[in-house]
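Load the model in your viewer and colour the chain by secondary structure. The stops below follow one another as selections.

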Amino acid sequence: RHLLVLDLVAVGLSFTTALAVRFDFPSAAFQTYLQRYLWFLFLLAGLRVAAFLWLKLYQRVWRYASIDELIAVVTAVAVSSLVGYLILFGLIAVLPDPQRLGFPRSVALIESVLMVAIAGSWRFAARVSGVRRHGAMNGASRTVIVGSGNPALSAIRELRANPELGLMPVAIVADDLSAGQHILALPVAGRLEELSRVIREADIE
């Protein structure tokens, strides 16, 4: 429910900000276009929510968000934008407008990009806060992950998702990764042959 409300706010923010950028807010043109196309804002909001429901964006656990969730957000915005702006430009082409007030295509592009950024930020904020919360588990034993790739990712996520295990990952040791690289915000501290040094320097328990 919270994300639904935030998404409706995001639609309003992205639409009005796009108009403000295009027409140099504050300006008479901005006021004119906002009043003239306010109806479209409600249509666009309905299409956005419908697309988000279609891709089940309100049923995902955003604490564990990944690239798949980002692709889903982009897809939902792209589909709803395509349908919404096709309807808008179709109506403008078919229905006579005594004021001959067209709709700038640049606003459609700016609004869509802003919508991805704002709607994505709501969701990935939960992911970031979850990482920080699990990264500061009080009383957990400092742990080093030995390995790389998917096994290392799975181990890190499992430990962070289950703080009752009492293990807090703080570093990674791997032979196929360079020291200084990061996986899920954990640093690669060295190669397998350097495990003893890493345990000592990183105070691994």
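Helices and strands here are DSSP runs, H or I of at least four residues for helices and E of at least two for strands, numbered from the N terminus. This is a predicted model, in which local features need pLDDT of at least 70, side-chain atom pairs count only at pLDDT 80 or more, and totals for chains, interfaces and linings use all residues. Residues are numbered from 1 along each chain as its sequence is written, and side-chain values use heavy atoms, with hydrogens and water left out.

**Whole chain.** The protein chain has 7 helices and 4 strands, in the sequence pattern α-α-α-α-α-β-α-β-β-β-α. Of its 205 residues, 39% count as buried; buried means under 20% relative accessible area, exposed over 50%, and partly exposed in between, with a 1.4 Å probe and protein chains only.

**Nonpolar patch.** Select Trp39, Trp54, Val79, Leu82, Val83, Leu86, Ile87, Leu91, Val94 and Leu95, which make a nonpolar surface patch of about 950 Å². Patch residues have over 30% relative accessible area and no salt bridge; like charges are joined within 9 Å, and nonpolar side chains (Val, Leu, Ile, Met, Phe, Trp, Tyr) within 5 Å. A salt bridge is a side-chain nitrogen of Lys or Arg within 4 Å of a carboxyl oxygen of Asp or Glu. Areas come from the Shrake-Rupley method with a 1.4 Å probe, and for residues only the protein chains shown count as cover. Helices α3 (38-54) and α4 (67-94) each supply at least two of the patch residues, and α4 gives the most, with 7. Leu82 lies in α4 and is exposed, at 54% relative accessible area.

Next, show the rings. There are 12 aromatic pairs, where rings of Phe, Tyr and Trp (its six-membered ring) pair if their centres lie within 6.5 Å; planes under 30 degrees apart count as stacked, over 60 as edge-to-face and the rest as tilted. Phe15 and Phe103 are stacked, at 6.3 Å centre to centre and 15 degrees between the planes. Phe15 is in helix α1 (residues 2-22) and Phe103 in the loop between α4 and α5 (105-135), so this pair ties together parts 88 residues apart in sequence. Phe15 is buried at 0% relative accessibility, and Phe103 is buried at 5%. Tyr37 sits in the loop between α2 (28-36) and α3, 66 residues from Phe103. Ring pairs link Phe15, Phe23, Tyr33, Tyr37, Trp39, Phe40, Tyr85, Phe89 and Phe103 into a cluster.

**Charges over rings.** Which residue has the charged end of Arg22 over its ring? Phe23 does, with the charge 4.9 Å from the ring centre. Arg105 lies over the face of Phe89, 5.3 Å from the ring centre. The test is NZ of Lys or CZ of Arg within 6 Å of the ring centre and within 35 degrees of the ring normal.

**Loop between α1 and α2.** Pro26 lies in this loop, and the Phe25 to Pro26 peptide bond is cis, with omega near 0 degrees. Asp24, in the loop between α1 and α2, has phi near 50 degrees, a positive value in a residue other than glycine.

**Sheet.** Finish at the open sheet of 4 strands, ordered β1-β2-β4-β3 with mixed pairing; strands pair if DSSP finds at least two bridges between them. β1 (141-146) and β3 (182-183) stand at the edges with a single partner strand each, so one side of each has no neighbour in the sheet.
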